[in-house]
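Dear colleague,

I am passing on the model we spoke about, and I would be grateful if you could look through it alongside the notes that follow.

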Amino acid sequence: MPTTEGAESSVPGPRSGGRAEARRAAQGKGGGSATAGAAAAAGGGRAAARKSAKPKKNVKKIVAWSTAGVLVVIAGVGGAIYLKLNANIKSFDADAIARNRPPEAKADADGNRPVNVLLIGSDSRGKNNSDLGGGADDGGARSDTTILLHVYADHKHAVGISIPRNAKVELPSCKLPNGKWTKGGNTDLFNAAFSMGGSDDGNPACTQNTVEKLTGIRVDHTLVVDFNGFAAMTKAVNGVDICLPKPIYEGDINPNLKRKGDLVLPQGKQTVEGQQALDYVRLRHGIGDGSDIGRMKRQQAFLGSLATKIKKEGMNPTTLLPLADAATKSLVVDPGLDSADKLASFGLSLKNIDMHDLKFVTAPWRFRTQDKDLDLVQPDANKLWETLKADQTIDGQNATGQQPDAPADGTGPAPQQPAAPTTPAAPAADTTNSAIRVAVYNGTTVNGLAGKATELLKGAKFTASTAGQAASTKYKTTTIEYGSGQKANAEKVAALFPGASLESSTARGISVITGQDFAAAMGMSTGAPAGGGATAATPGVPAPPQPLPTTITNDARSADDDICANTSYGSGG
């Protein structure tokens, strides 16, 4: 169990033959330095040898995924642990947070508010982090992985949005370590915000300001974790389950080795902690196309696996004390979470989130034609931000904690409870159903109906995803559309929707368009006026956001998804 004294005691040393050792050897440090020195003397001096062997500065650094967002749930154990954790917690300067900020989210009828948490992984090489991450000569810090976690007002749903580190964004005015503020307004890579000022501690307030400007969403809390904290936390939970489509070698972890090297991580399912866990979440080469996109997918899978393990083992001090201690030793938070009391209060508010309702997506992006960086795709990105502002889940469910057709201010009579719905009976799950992919659309005005149909399909082992709103919201009968050669599979799908119509289509695959009949079967009101047509807008209530594109919804990951699925991007793995 980690103790307050000696943070390094809970962190493993650098893996023999790994990235850190390889870099030290290449730079004439550590093991093999005598040989390197002799070579330098023969070639014109030690300084010349170091200069020629030093890795190029344009090699992109890779950062550990910040697990802090899930780990805040551990703090709610009460008692003497508060004193222990308080000594560990560090916060950044509140004066560095922008004054001109988006408004706070409004409470729902029950007084509950959504909460937005910014999770940042720091690749600072200070404070012994270089032993784990390599690159001891690299100054400053970068936020190569950042996720905006939106916890819905019902505190039963949450979604983490990965923001690509090399997306081009507009940077706002930010406070530097010397107390001065930058002018702002220039376009740069997203992770340049955390590097602003060149401090080894990074600039989390600048990243927070940048996210608020980019999204129009107020960030309630920010948490930063470094290499040491990440490694210690994975050891504190006795490892995290991962899965790799291909074996990983030293040359994949550090391409500067110019050789394959020893095996670091085998193919398939395994449990990793410490250095191996860090290698996994930092891994970019050897799987897929070597871009950050695949790495973000693996980081999302890792975080989901970690959250699932913590939830499964239960909220007890034996499990949580070493994890809380390890987390807070390397954690930097905003002033709103600068004590164990505050951290515990916030953590306890997340305990009812089901793992299936903890989702991960990546902000919509595209490669730039002029360089290797990314642009965020519009208007798709703005639709995503508006969905979060409206506190709707990515599949269109209302997560404010109140009934969808209750008045927004909570006044008026409570809606009548519908009769117990008769859920369509699912046939016995066929093991071959998993090979059948189904896209689900909402053909009505009922919020969340497509999501309900998706859950029904998944329960019967189909590979289903919510695709958003159909072109029309006037479907009275659920319709199953199928492409060439898919009729038999479509009939299997139709068995879940009694009375559904089957229609052939020129499109590939199978689509389900939910109708009013399915809404009635699920006991969900259509909310349509008596004369038919779309639901009239309520004065003073913002219109619901536009449906999210399938490029976002189809790529969503749940924390309880198969850890071997969707962990790479592009060719090569």
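What covers the buried residues of helix 17? The cover includes strand 16, helix 16, strand 18, strand 19 and strand 20. Before the details, please keep in mind that this is a predicted model, in which local features need pLDDT of at least 70 and side-chain atom pairs count only at pLDDT 80 or more, while totals for chains, interfaces and linings use all residues. Residues are numbered from 1 along each chain as its sequence is written, and side-chain values use heavy atoms, with hydrogens and water left out.

The helices (H or I, at least four residues) and strands (E, at least two) that I name are DSSP runs, numbered from the N terminus. The buried residues of helix 17, where buried means under 20% relative accessible area with a 1.4 Å probe and protein chains only, are Ala490, Val493 and Ala494. These residues sit on the same side of helix 17, because they cover an arc of only 100° around the axis, the arc being that of the directions from the helix axis to the C-beta atoms.

Taking the pairings in turn, strand 16 (residues 437-442) runs parallel to strand 20 and is joined to it by five bridges, with valine 440 opposite valine 512. Strand 18 pairs with strand 20 (residues 510-514) in the antiparallel sense over four bridges, and there glutamate 481 stands opposite serine 511. Serine 511 counts as buried, at 16% relative accessibility, and, leaving aside neighbours within four places in sequence, serine 511 is in contact (heavy atoms within 4.5 Å) with Ala439, Tyr441, Thr479, Ile480 and Glu481.

On its other pairing, strand 18 (residues 479-482) meets strand 19 (residues 501-504) in the parallel sense, over four bridges. The chain passes between these two through helix 17 (residues 487-494), in a right-handed β-α-β crossover; right-handed here means that, with the strands pointing away from the viewer, the path from the first strand over the helix to the second runs clockwise. Tyrosine 482, in strand 18, has serine 504 as its bridge partner in strand 19 and is buried, with a relative accessible area of 13%. Among the residues that tyrosine 482 touches, not counting those up to four places away in sequence, are Lys487, Ala490, Leu502 and Ile510. The C-alpha atoms of tyrosine 482 and leucine 502 are separated by 7.7 Å, although the two are 20 residues apart along the chain.

Elsewhere, the largest nonpolar core has 50 residues, and Tyr280, Phe302 and Leu358 have the most contacts inside it; such a core is a set of buried Ala, Val, Leu, Ile, Met, Phe, Trp, Tyr and Cys residues joined through side-chain atoms within 4.5 Å.

With best wishes

Methods: Two strands pair if DSSP finds at least two bridges between them.
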